[in-house]
Amino acid sequence: MVKVSVLMATKNGDKTLAAAIESIRRQSFTNFELIICNDYSTDGTASICASVAQQDDRIRVLTNIGQPGLASALNQGLTQCKGAYIARMDDDDRAHPDRLVQQVAALNRQEQVAIVGTSIRLFDDQGVYGRREVKPIPTTRDIWRGQLFAHPSVMFRRAIYDQLGGYSTAAKHLRIEDYDFWCRCYAAGFVGLNLTGTYLDYREDQAAFRKRDNWRRLRLVRCMAHWRPAMHIPWFYGVFQVIELLKCVVPQRLIRHYHRFIYRISG
């Protein structure tokens, strides 16, 4: 029986997809399947998927038949995952060779842990420019504040999907699906940890920053308000919602430069 299902959704990813897939194929842990859901791509993505599936019988390719979007494609993939553990992967990132073996070992060791993430290296078309360390043991308050797991770095127990289902496809959660998902997990009593090692190269380029527009921030603040009672967050933590709103008046390029500066220094 397969131990790990690696779940990837892709949309028009023909420039980066092959490298992402190859990084999974080269894992030192080999008892996995890779589920790729093609989300209405109009470029060469379908051809790449078909080619790699012919080369490696651990790879299965699906076509999104639901509404377009990342959450819908991931949910379709989740229905096909057979593994006891589910690992996320994005079509423009690169997993380090020991990523899966380290995460499987962590989940095998600690039955009370349901989610295992990792620290990440940040890169763009010019190469790696920094490193983002994540909290070793995120608390419920950390998750609510947005100090999340690096989404494409995580592996979680299938029990989460069996109990909670997949990602929200509601318009109010567009581009904050991961925030809503982790809040649901912690509100339901699931907890996680982050490995101190770095096991994923995460693409953080100009296109990624453009997705973090003010509409996304407003949706995030509304979602924070929704989850605050359910997660028993103190009222004075509302200051973090105000901080998110204040970001709406800061030019996006300044946020990007600040982000690159602090992570380049720490990396």
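The side chains of serine 168 and histidine 173 are joined by a polar contact of 2.6 Å; the term covers a pair of N or O atoms within 3.5 Å, where within protein one must be able to donate a hydrogen and the other to accept it, and residues adjacent in sequence count only if both atoms are side-chain atoms. This is a predicted model, in which local features need pLDDT of at least 70 and side-chain atom pairs count only at pLDDT 80 or more, while totals for chains, interfaces and linings use all residues. Residues are numbered from 1 along each chain as its sequence is written, and side-chain values use heavy atoms, with hydrogens and water left out.

**Around serine 168**

- Serine 168 sits in the loop between helix 6 (158–164) and helix 7 (177–187); helices (H or I, at least four residues) and strands (E, at least two) are DSSP runs, numbered from the N terminus.
- Is serine 168 buried or exposed? Serine 168 counts as buried because its relative accessibility is 16%, and buried means under 20% relative accessible area, exposed over 50% and partly exposed in between (1.4 Å probe, protein chains only).
- The serine 168 side chain also reaches the backbone nitrogen of alanine 170, at 3.2 Å.
- Neighbours within four places in sequence aside, serine 168 is in contact (heavy atoms within 4.5 Å) with Ala71, His173, Glu177, Asp180 and Arg184.

**Two loop residues with positive phi**

- Arginine 175 lies in the loop between helix 6 and helix 7, and its phi is near 65 degrees, a positive value in a residue other than glycine.
- With a relative accessible area of 40%, arginine 175 is partly exposed.
- Tyrosine 40 is not a glycine, yet has a positive phi of about 55 degrees; its place is the loop between strand 2 and helix 2.
- Tyrosine 40 is partly exposed, at 37% relative accessible area.

**The nonpolar cores**

- A nonpolar core is a set of buried Ala, Val, Leu, Ile, Met, Phe, Trp, Tyr and Cys residues joined through side-chain atoms within 4.5 Å.
- The largest one has 37 residues, of which Ile115, Phe156, Tyr179 and Trp182 touch the most other members.
- Elements giving two or more residues to this core include strand 1 (4–10), helix 3 (70–78) and helix 9 (214–230).
- Helix 7 supplies the largest share of this core, six residues.
- Apart from this core lies another, of 34 residues, among them Val4, Met8, Ile21 and Ala95.

**Helix 1**

- In helix 1 (residues 17–25), the buried residues are Leu17, Ala20, Ile21, Ser23 and Ile24.
- Seen down the axis of helix 1, these residues fall within an arc of 155 degrees, so they line one face of the helix; the arc is that of the directions from the helix axis to the C-beta atoms.
- Strand 1, strand 2, helix 2 (45–55), strand 3 (59–63) and strand 5 (94–95) are what the buried residues of helix 1 pack against.

**Strand 6 and its partners**

- Strand 6 (residues 115–124) is mostly covered, with nine of its 10 residues buried.
- Strand 6 and strand 9 (residues 192–203) pair in the parallel sense over nine bridges; two strands pair if DSSP finds at least two bridges between them.
- Threonine 118 stands opposite leucine 195 in strand 9.
- Strand 8 (residues 155–157) runs antiparallel to strand 6, joined by two bridges, and isoleucine 115 has phenylalanine 156 as its bridge partner there.
- Strand 7 (residues 127–132) is also antiparallel to strand 6, with five bridges, and these strands form a hairpin with two residues between them.
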